[in-house]
Amino acid sequence: QVIEKCKAAVNYPVNGLTMIICGASGVGKSYLASLIHQYAVESGAVEKNAPFVVLNCADYANNKELLSSVLFGYKKGAFTGANKDTKGLIEEADKGYLFLDEVHRLSPEGQEKLFRYMDKGIISRMGDSGQNCELNVRLIFATTEGRETMLDTFLRRIPVDVVLPDFQERTLEEKYELILFLIHQESKTMNTTFQVSSNVINRLLTFQGKGNIGTLKNIIRLSCAKAYN
C-alpha cells in the first residue's frame, strides 16, 4: 500500500502530489524519500538531472529567521551579513524534489511560510517581498511525531500520507528480505562473501531494539566486520 501510494503521488499530473512519511526513527523514511525521487526520474515524471534537496528542520528549530533564509533565500542587504543575492533550498530544488525531514520541528510560522508555495507555486526571497519567483518543486515531508504536532491548515495541504511500520511490526517475509538485503550490501562493500548460520538469522528476525532498521543495519555491519577481520 505504501509503494502504491508513493507511485500515485509521483505520477499525478502535472507536478505530482505533496506527501508526508510518518514513522519511528530508523524505519527508513529518508531512504523511501530517496527512492521516490529515483522512481520519479526512472519513470520520466521528472528530468534525469532533477535535483533531490534535503533539509533537516531540527537543525533550525530554534531560529525561524535562519530557517527562512536557508529555505527561501535572501536579497543582498536583507540582513547583516547578506552580501549578495542567495538562492534558498526550495529554489535549488526547482524541477525536482525538496525533502523536509523532521518537519514537526518546523515552527508554526515556518509551516505558514510554506503555504504560499503549496497554494500558488510561488515564493519570494527574504528582503524581496515585491518580487515573486514561480517554481516547480515537489515536496516530501517526514516526521517521527504524530499529526497533532503540526498545524491543521498545514496538514490539509498534504494530500498523501504514508506510515512506515516498525521493524517488529513487519511480516516475517519482509523482515527476512531486509536482513538478506543488508547482508548483501555489506558483502558488496567488502567485496567478499559471508556464510550466515540459521541461528543468526533467527536472532535478527526477532530483533526488537530501539532504532529499528537503522540499528539492525549497524548490528549486521559490525557482525560482518568481525567476520571479515
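Helix H1 (residues 2-11) packs against helix H2 (residues 29-43) at an angle of about 50°, and their axes lie 10 Å apart. This is a predicted model, where local features need pLDDT of at least 70 and side-chain atom pairs count only at pLDDT 80 or more, while totals for chains, interfaces and linings use all residues. Residues are numbered from 1 along each chain as its sequence is written, and side-chain values use heavy atoms, with hydrogens and water left out.

Helices here are DSSP runs of H or I with at least four residues, and strands are E runs of at least two, numbered from the N terminus. Axes are lines fitted to C-alpha atoms, for helices over the stretch in contact, with angles from 0 to 180 degrees between N-to-C directions.

H1 and H2 are therefore oblique to each other (under 35 degrees is roughly parallel, over 145 roughly antiparallel, 65 to 115 roughly perpendicular, and the rest oblique). Here's who touches whom, with contact meaning heavy atoms within 4.5 Å:

| Helix | Residues in the contact |
|---|---|
| H1 | Val2, Cys6, Lys7, Val10, Asn11 |
| H2 | Leu32, Ile36, Tyr39, Ala40, Ser43 |

Sorted by class, the contact has seven nonpolar, two polar and one charged residues (Ala, Val, Leu, Ile, Met, Phe, Trp, Tyr, Cys and Pro are nonpolar, Asp, Glu, Lys and Arg charged, the others, Gly among them, polar).

Now for the cavity. Its lining includes Ala9, Tyr97 and Arg138 (on a 1 Å grid over the protein atoms alone, a cavity is a set of points where a 1.4 Å probe fits but cannot get out, and lining residues have an atom within 4 Å of a point). Strand E8 (residues 138-143) gives the largest share of that lining, three residues.

Conventions. 1 Å grid on protein atoms, 1.4 Å probe; cavity = no way out; pocket = protein on both sides within 12 Å on 5 of 7 lines; lining within 4 Å.
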